[in-house]
Amino acid sequence: MNVAPDRGASAKHHILTVLVENKPGVLTRVAGLFARRGFNIYSLAVAPTEDDRFSRITIVVDVESAPLEQIIKQLDKLINVVKIDELAPGEAVERELLLATVAAPPEVRGQVIELVGVFEGRILSVGWRELTVSLEGSPSKLDDFEELIGNYGIVALQRTGRVALPKLERRTPDIEDPPA
Amino acid sequence: MQFSDRYGSAPSAIARPTTDRSSEGTEMTTPSSGRRMDGGRALIKALEMEGVETIFGLPGGAILPVYDPIIDSPIRHILVRHEQGAGHMAEGFAHATGRPGVAMVTSGPAATNIVTPLCDAYMDSVPIVVITGQVPYAAIGTDAFQECDTTGITMPVTKHNFLISDAQDIPRIIREAFHIATTGRPGPVLVDVPKDIVDPKNPRSAMDWYWPEEVDLPGYRPVTAGDPEAIRRAAELILAAERPVIYAGGGILKARAAEVLRELAELTGIHVVTTLMARGAFPDDHPLALGMPGMHGNYTAVTSMQRSDLLIALGSRFDDRVTGKVPAFAPEAKIIHVDIDPAELGKVRRPDVGIAGDARLVIEALIEAIGELGGPSRQPDRRAWGEQIREWQQRYPLTYQPSEPGEALKPQFVLETLRDNTPDDCIVASGVGQHQMWTSQYWKFNHPYTWVNSGGLGTMGFAVPAAIGAKVGRPDRMVWAVDGDGCFQMTAQELVTAASERIPVKVAILNNAYLGMVRQWQEMFYEERYSEVYLSPDLPDYKMWAEAMGCIGMRVESPEEVLPAIEKANEIDDRPVVIEFRTDSREKVYPMVPAGLSNDEIIVDPAHGEGGH
Ligand SMILES: Cc1ncc(C[n+]2csc(CCOP(=O)(O)OP(=O)(O)O)c2C)c(N)n1
């Protein structure tokens, strides 16, 4: 898995949420399909769902739509794949978690703490010359934070990969609708 | 009956065993019947419940507990000499009968030996179920003796695979394996079985027997009926087309749709090409038959597709060997594409009408829709198109120059003689190479399920074991394998299996002393630099080899000997027969569309004069 140089959303950016059976080897099958077609997975997150028979995999890929259609159809053929939704970035709520250990010597420590505060992050661990912080939010917010905090020096960084669900539909009540 | 419709209606004369063939039949059908059993017994019992009559395989340490109960089972086990043979036999069985073939082998090297047939079956959508032994569950991941990550290795070449972790799951998993292999787009399924969960000496193998009547696979919903709206649009396109061609693929055979295909062709008067995988799906002696398209297809099949204004692709997948250079393929044609696998629609060429569905059901619905739209009387006058096709057929028939006296045999002559002196419903299996293409070109396939061949993977060594599997499945039929000398040397030892099991297949080796197809490419595209393709005509001595394996062996060198040898072989029915035909190594397969070029650049036999266009 390569990390694309552009960490933000690109024109070819697609989010797939894939509901799979909670069985061993399923992630390999899913990831293997992408690998076999030479597609890069940009971000991947997997965890069990509300129903313990199933897990949900959120996959972000950067490909043109046409090959993506083929990928979706091939994914759908996997016996353990129950459901696939493609979420347009605008129609999804996306979240990601970032953990970072940043250089924070006494001279700049205040600035780092302030920056974490501005982004509504949290300080998890305090060391002599470093801080470990966490930040949760949309992937682009995390990108911004990463860029700014990078000015102080990042010692270690780990992001979870994004998770996403469709935005809820907001049906405006019809004028003709009879009162409930 | 556990099989899907499509396999249930197999033309096979063999009665399918019913579920009560096992002594405890009726009580077995409920999950609560709860008879204690060990996993090995349960596995064999589950295969019996699936109606399995024959297993092709070879035992070893890890699978021994499953082999043990075979002694008490009505299932016939055929002991192969190499696991690749077991896999191809299972495939040959499935090709010829439409029922799933079953192979069982041990862990490690046995499992890797069967990867080739798995991939072959995957590419050609052949329903087989392969059981592999595995080291005990607790030893998995420790690099134990003969451990191999079989499910990992076979993941990309199976429709699905299972690693059993609990003896209690065995009946359910076997049931699911057969269901997956035989429904939707058929394909190979592998079940990997750790030794401890089938070993009666191990407490982990204890289970309560049950038989699941239903399968519960929430992610598996093969499509069957096509979308009626799309079918109506397809019918409209058919009724409007001036130069339509039906492009029939192997899916026709898988869907048992040969009869309705013929009905559709006759109703509309549309000509039919049958791909390498579909040979036999439409009778070659039918006036609307065009034969095989593609790289070595005949001129008319290739060119009529190129010039068509509508291609009706039924169970075919626009393989590169058929399309040639894709952007130049059938440039003026609208496309109707019917496939059971939605992933095939638009994979290579975007259809104007794509219909996901079972070919038989969709064709039936198409026939109905055509009727509702006014029937074939609404079609434009297609006489000019028919005339054009006839003209191509007359101008560019398949041809070859007969051999001069004293020269080596022409392979085409051997095939014509074989074709004309075997029953019309004879099953023919082939290896991969020139002999395969000549067989497909020169044979007359008038019945479905008479052509057993490795199309997608192009596996040398397929013919002999596949023919054996076909003969086991259809003992009532004459079965010939046509093999190359190169291919034969890859799996010939399975004739030992055939001889000892009294499976009387017949093998025609076209011995041109070369890896002929490779030689042809070197001749045409590598300036006749024949690097590493010469095999020697005399080494091995095929006649002696055949005899050493318990077969009748013959060698034929001159045209006069061809017919008598074939007649003699046809009379032998108690053991396998091998005839080695010494053929001309210089002979090339024509026509040919060189790889990567447009189908317009088809090269015809030089006897037709310059170019073919
Ligand atoms: C297992 C395998 N190895 C290599 C090839 C590549 N290949 C395709 S055809 C061919 C030559 C086959 O020679 P032979 O069996 O003598 O048949 P001929 O072409 O002479 O009829 C080879 C090597 C293949 N298809 N399969």
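1. A network of salt bridges links Lys77(A), Arg185(B), Asp341(B), Glu344(B) and Lys347(B). Please keep in mind that this is a predicted model. Arg185(B) sits in the loop between helix H8 (170-182) and strand E7 (188-194) of chain B, while Asp341(B) sits in the loop between strands E13 (334-339) and E14 (353-356) of chain B, so the pair ties together parts 156 residues apart in sequence. Asp341(B) counts as buried, at 3% relative accessibility.

2. Over all chains, the structure holds 48 salt bridges. One of them joins Glu236(B) to Arg232(B), with the closest N and O atoms 2.7 Å apart. Both residues belong to helix H9 (residues 228-240) of chain B and are four residues apart, about one turn of the helix. An α-helix has 3.6 residues a turn, so residues three or four places apart point the same way. Glu236(B) is partly exposed, with a relative accessible area of 31%, and Arg232(B) is partly exposed too, at 32%.

3. Another salt bridge is formed by Arg321(B) and Asp320(B), whose closest N and O atoms are 3.6 Å apart. Arg321(B) has a relative accessible area of 40% and is partly exposed.

4. Now to the ligand. Which residues are the closest to the ligand? Of the 16 that surround it, they are Gln434(B), His435(B), Asp485(B), Cys487(B) and Gly516(B). The backbone contributes as well: a polar backbone atom of Gly458(B) is 2.8 Å from a ligand nitrogen, and polar backbone atoms of Gly486(B) and Met517(B) are each 2.9 Å from a ligand oxygen. On its own the ligand has 590 Å² of accessible area, and the protein covers 75% of that. Helices H17 (434-442), H19 (485-491) and H21 (516-525) of chain B each give two or more residues to the shell. By class, the shell has seven nonpolar, eight polar and one charged residues.

5. Chain B also has an open sheet of six strands with parallel pairing, in the order E16-E15-E17-E18-E20-E19. Strands E16 (451-452) and E19 (552-556) are at the edges with a single partner each, so one side of each lacks a neighbour in the sheet. E19(B) pairs with E20 (residues 577-582) of chain B over five bridges, and Met554(B) stands opposite Ile579(B) in E20(B).

6. Finally, is helix H18 (residues 463-473) of chain B enclosed or open? 11 of its 11 residues are buried, so helix H18 is largely enclosed by the rest of the structure. Among them is Lys471(B).

Methods:
Residues numbered from 1 in each chain as written. Chains lettered and ligands numbered in written order. Predicted model: local features only at pLDDT ≥ 70, side-chain atom pairs only at ≥ 80, totals over all residues. Heavy atoms only, no water. Buried < 20%, exposed > 50% of the residue type's maximum accessible area, 1.4 Å probe, protein only. Near = heavy atom within 4 Å. Polar contact = N/O pair within 3.5 Å; in protein donor to acceptor, adjacent residues only side chain to side chain. Areas by Shrake-Rupley, 256 points an atom, 1.4 Å probe, with all protein chains shown as cover. Nonpolar A, V, L, I, M, F, W, Y, C, P; charged D, E, K, R; others polar. Pairing = 2+ DSSP bridges. Salt bridge = Lys/Arg side-chain N within 4 Å of Asp/Glu carboxyl O.
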